[in-house]
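Here are my notes for you to read alongside the model. Take a look at the picture before you start.

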Amino acid sequence: MRKFCAFLAAVSLLFTSCNNNDLLSDQLSNDAANQMAVLAIFNGVPGSDQMEVFLNGERQNTTIDMLRYGEFMRHKTVYPGGKRLTLNVRYGNQTLSPPASDLNLIAGRNYSLLLTSGNPIQSTLVEDDLLLPRSGQFKVRFVNTNPDGLTVSVGTSTDRVGFFNTLGAGKVSAFATYDVADYPLQFMTAGGIRGSYAFELKPVNQGVYTIWLTGSLVAKDRNDQNSLYTVIQHP
């Protein structure tokens, strides 16, 4: 009987040890994830044929990712802390390297880096809220890098700013949450130049999206929707 009790105690101790190791493994995994930052990169520089993005000298987009204007690098883990941002930007046969700038990435947080035209090229780092919304809802934001430099809103034919109020060129909005439905939306310009473009947004339950305007709303030929805007689903 004593031997049997000792056997049960040993088995119990073994299971307890395994469970503790599993919990420790989960904790270490969580800790490892929390020790990294997450970064996406958007090339909003019109006319750029290729872009190489470096943080502290380490290239972020792969050698097969051209990262042309209107293209983006999806969220990926990067080491946190202060980072020196450098770029090589190709326009046709010419490659330019604008002055370096500094970023600060905090562990456990998600970011988007929006690169836009300017002299020098401008970089905007925003923190992303990628948590899933409640069931029956979706989350979306608006990025405006239209080459005309126009301020643009997103709404419906009856409510010009029903989704996003006027947003300047080179800007990115915060995420907003809406009920899942099919939305007939319009991009609409503000100011002296008037233009609009209708499009459909059909989100899925608990989806997280970016609507990215990269085309011209005032150009005569606007028949190709794919060249005008992109709807990105995250992650």
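The points below cover a sheet and a group of aromatic rings.

1. A word on the source: this is a predicted model, where local features need pLDDT of at least 70, side-chain atom pairs count only at pLDDT 80 or more, and totals for chains, interfaces and linings use all residues. Residues are numbered from 1 along each chain as its sequence is written, and side-chain values use heavy atoms, with hydrogens and water left out.

2. Let's start with an open sheet of four strands, in the order 4-1-8-9 with mixed pairing. (Strands are DSSP runs of E, at least two residues, numbered from the N terminus; two of them pair if DSSP finds at least two bridges between them.) Strand 4 (72-78) and strand 9 (122-127) each have a single partner strand, so one side of each has no neighbour in the sheet.

3. Strand 1 (residues 37-44) runs antiparallel to strand 4, and five bridges join them. Isoleucine 41, for instance, has methionine 73 in strand 4 as its bridge partner.

4. Now the rings: there are 13 aromatic pairs. (Rings of Phe, Tyr and Trp, its six-membered ring, pair if their centres lie within 6.5 Å; planes under 30 degrees apart are stacked, over 60 edge-to-face, the rest tilted.) Phenylalanine 187 and phenylalanine 199 have centres 4.4 Å apart and planes at 20°, so they are stacked.

5. Phenylalanine 187 also meets tyrosine 229: the centres are 5.6 Å apart and the planes at 65°, so this pair is edge-to-face. Phenylalanine 187 sits in strand 15 and tyrosine 229 in strand 18 (residues 229-234), so the pair ties together parts 42 residues apart in sequence.
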